[in-house]
Amino acid sequence: MAPSQMSYAPTLGKLLKSLNTQPLEASIEALVYLLKRRQVKGDDIANATAHMLLQVVAKSKWQNVDQLLAKVSNTGLRLAQAAPTEQVIGNVVRRVMGLIRDEASEDRNADEMGDSVSDLSQLPTTPTMPSRPGPTPLRAATLPMSKSMFNLLCVTETVQSPTTGASTPMSQGASANLHALRSEVIDGIEEIMDEISQADDQIAGFADIQIHPGDYVLAYLPSPTVERFLIKAAAKRRFTVFLASAERVKPGEVPHAALRKKLNGLGVNTISIASNGLMAYMPRVNKVVIGAKAVYANGGVSTESGCSIAARAAREYSKPVIVLSGVYKFCPADPSDDVTEFEQGDSSTFVDYADGEAVDALEVENIVHEYLPPQYVDVYLTNLGPQTRDHLATIMADHYKFEDMGLSLHLP
Amino acid sequence: MATETTGAPARAPAPQEKGKQQSKPAPAKETPVTGGATAGEQKLTPAQLKAKAKAEKAARRAKAKEVQAAAPAAAAADAKGGKGGKGGKQEGGQSAGSQQQGKSVPGRRPSVGGRRPSMAAVIKEDPRSSIPECFSHVPMAKRIQTSQAHKDVHPAVLAVGQQMATFALKDSIARLEATLLAFKKVIESYETPKGNSLSRHFVPHVLNPQIEYLTECRPMSFSMGNAIRFLKSQVNKFDIDTPEDEAKETLLEFIDIFINERITLAEVVISKNAAELIDEEDVVLTYGRHRLVEKTILRAKANGKKFAVSIIDDPYDQGGKELAKTLQQAGIRVFYSPNLGGLRAHLERASNVLLGTEAIFANGSLLAPAGTADVAMAASAANVKVVALCETINFDRERVSVDSLTYNEIDPERCSAESFRLMFDNTHSKYITGVITEFESGTDFAPAQAILTLLRKREDPTIA
């Protein structure tokens, strides 16, 4: 049932529905392919990552916390490699790993069983336990989640990684402990998923503080977060929205039609700017709202391509730039050199393949992501309220474990 | 003036009559600017009378001008009458003029909505009404059907106007050249009416209607404004007795020289100077397509330099695509970026930026296709030198612009809230490393302000 579903036009929605019925490995593969094809975009990525890690925690075999951490980071690595520009995958992985560490240390303290579970706080993410080779036993009794026949058969496949080979029989206490840990971690991941899904609404809750009556607000390529923010503001304020994008819109097609309709319905004027440069409009604009894909530790923002044009123009006219970003998009890493490596997108929207001469002649570079340096951002509006650049580090320290901050999900 | 007085049409002739009877000493006494107010004043000192007469004369002139502009919709005979009246006035035939206007006012009044002829008004109001209010001050090109144009508009000018309105003639120099060539046709077919001289009659009665028509089709480019000023001052230089043929000959020659010097040779000189800026292994970045930039790059290539070009295009215009093809055919390596996204990345490998401009203001800022300012700003932030190429005819010596909403145009195809687009933007001079014009030599950069001073001294002492 599942394979036929997957082979036919896979989407994230279908994948998430089939998570419970599919074997773990197949689900991960499916998500990897969706990511590689860039069929999962924007805020869905965080959600999908969290779902997948939840499956990893629930379904995969692990005997101790280190194995679990390794499994989570392995899965994270595969997802991150499928979409190297999406920092948010790494963020969710770090969050989940931090969660596991928290829960594990709580358990240990509670039970005072310091030596049966490895000493977590001092261990690196790769397990120091010697791997115990041997036939892989199907310990269904201690793994309540893997009950389906398919999973039982699949286990051999997931055992490829050396860290999963552990098969030391555990004391009854430790096994119960693991069981409790599993369910606590699952609860924790569900909380993270809730946080991700509620972030947009929480951010939108600050809309009427930021947007004032009579404002002209420029939204460059409004993301769902920005859309919700504007709609929430529209419920309370009368203002004008400039919607801009660098995408070429076909004649007769109205850009952002749904958003415009909603805003207009609430009595807010919208003007779609069909322009590349935005300097011309900046004297009119009061503030610029940009949706972030990720926020780095230094305050730099990963955005849709073109946002830095808007931000730069705003800086020229001293207009505030508000970046909307859920805390889960905060990436504890500093932007490395690879942020300047831009990702190229589909060129056919700009140069038609029918134009043979152009196809031959042009090296088309349609850049889809862009790095916005921190000096162009005035406010980071998060689900925890507005923040300035100086406090980003504090927030990140609150949300990520020190051990996970340096986690690298990219191959050297 | 007809539009300024708020009195009903029926009332209009009454004060006229009164005025005529009252003020015998002053010539020209008809529809006063002050409308009903004049009715009250019976006793006036001679000085006051004189002043009043002067004001009225000015008002009448203004009206006659308006009539000319508004005439397309009005009946041909009517317009002719109005013009005849105006022409007669110079000989001192006030009565004819006043009668004419007295007659024409009630007739025209209902049709004159605002200052525009009715039919044109219908067409005009339509697209403009959808412009968002905050941009309603910005002018926009519009198509005027040839049948609605003023009857005095020369066919050659008519064609040019249409081409401008449809953006077939787009950049400022192309428009300037077409305009001047059309004006040559106008001059060739001009015959001074009896009792007039070319130096007095040509500009107000023949040239101005052409200019007004062109302005209505699309706001004049600054180069056109400059050229027309030169042309008018040339006409004014003629003595009143200059024979018509001689004057016409001089004018035609003037235009030829003007086109040759300010357009043809300027292009050659600028591209030659700018080409020297391109070095071996450079990556030249440019925005959109501009004739001068294209000529410069091709010339540098012809000079045997080996370099690459990075073209940033405007997805709503796509001129850069054509440029990319042309350059590719010339054997130049071209990187093409369809929009401003990732501009920083493109600038990292660029060694210099060449920008074409539409005009340069007196404060040194550029009027250039929308997006140029963003490119210039990003380039200057990345420490890449930014060179603007511009003919001196595009320099405006009187206007100053600090933001893009002061002087701009709305794209007539994108003028509603669904899709709105300004055609130009304003690049502050601090982002420009240098401007290359036909007047400075070699690779010396001259900031725009310095060039303005130079121009003032050099060619137009009367204006400086």
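Me: So pLDDT is the predictor's confidence in each residue, from 0 to 100. Which elements of chain B have the lowest and the highest mean pLDDT?

Reply: Good place to start, as this is a predicted model. In chain B, helix H4 (residues 76–91) has the lowest mean pLDDT, at 38, while strand E1(B) has the highest, at 95. Averaged over chain B, pLDDT is 76, and 69% of the residues score at least 70.

Me: Where in chain B does pLDDT stay under 50?

Reply: The general idea comes first: where pLDDT is low, the predicted coordinates should not be read in detail. In chain B, residues 1–42 stay under 50, although the model has 74 contacts beyond four places in sequence for them. Residues 67–124 of chain B are also below 50, and that stretch has 88 contacts in the model beyond near neighbours in sequence. For the complex, the predictor gives an ipTM of 0.74 and a pTM of 0.73.

Me: OK, next the overall make-up. How many helices and strands does chain A have, and how many does chain B have?

Reply: Chain A has 15 helices and 12 strands. Chain B has 16 helices and 11 strands.

Me: What share of the contacts joins residues at least 24 apart in chain A?

Reply: Take the contacts in chain A between residues at least 6 apart in sequence: 79% of them join residues at least 24 apart. For chain B, residues 24 or more positions apart make up 73% of the contacts with a separation of 6 or more.

Me: Which residues of H12(B) are buried, and what do they pack against?

Reply: The buried ones are B:Leu292, B:Val293, B:Glu294, B:Thr296, B:Ile297 and B:Ala300. In chain B, their packing partners include helix H11 (244–275), helix H13 (319–329) and strand E1 (283–287). Strands E2 (308–312), E4 (352–356) and E7 (385–389) of chain B are packed against too.

Me: Which residues have the most contacts inside the largest nonpolar core?

Reply: They are A:Phe242, A:Ala310, A:Val323 and B:Leu389, in a core of 174 residues.

Me: Now the domains. Into what domains is chain A divided?

Reply: Chain A has domain 1 (2–199) and domain 2 (205–405). Where they meet, 19 residues of domain 1 are in contact with 19 residues of domain 2. On the domain 1 side, helices H4 (43–59), H6 (87–111) and H8 (172–204) of chain A each give two or more residues. H6(A) gives the most, with 10 residues. By class, that side has 6 nonpolar, 8 polar and 5 charged residues.

Me: And what does the domain assignment of chain B give?

Reply: Chain B gets domain 1 (9–111), domain 2 (149–263) and domain 3 (267–459). The C-alpha centres of domains 2 and 3 of chain B lie 29 Å apart. In this pair, 12 residues of domain 2 are in contact with 9 residues of domain 3.

Me: Last one: how many residues does the contact take from chain A and from chain B?

Reply: It takes 37 residues from chain A and 40 from chain B. On the chain A side, strand E3 (269–273), helix H12 (307–316), helix H13 (356–361) and strand E9 (363–364) each supply at least two residues. H12(A) gives the most, with 5 residues. The chain A side divides into 19 nonpolar, 10 polar and 8 charged residues.

Key
Residues numbered from 1 in each chain as written. Chains lettered and ligands numbered in written order. Predicted model: local features only at pLDDT ≥ 70, side-chain atom pairs only at ≥ 80, totals over all residues. Buried ≥ 20, exposed ≤ 12 C-beta atoms within 10 Å, placed from the backbone. Helix = DSSP H or I, 4+ residues; strand = E, 2+ residues; numbered from the N terminus. Contact = placed C-beta atoms within 7 Å. Domains from an automatic or database assignment. Nonpolar A, V, L, I, M, F, W, Y, C, P; charged D, E, K, R; others polar. Core = buried A, V, L, I, M, F, W, Y, C linked by C-beta atoms within 7 Å.
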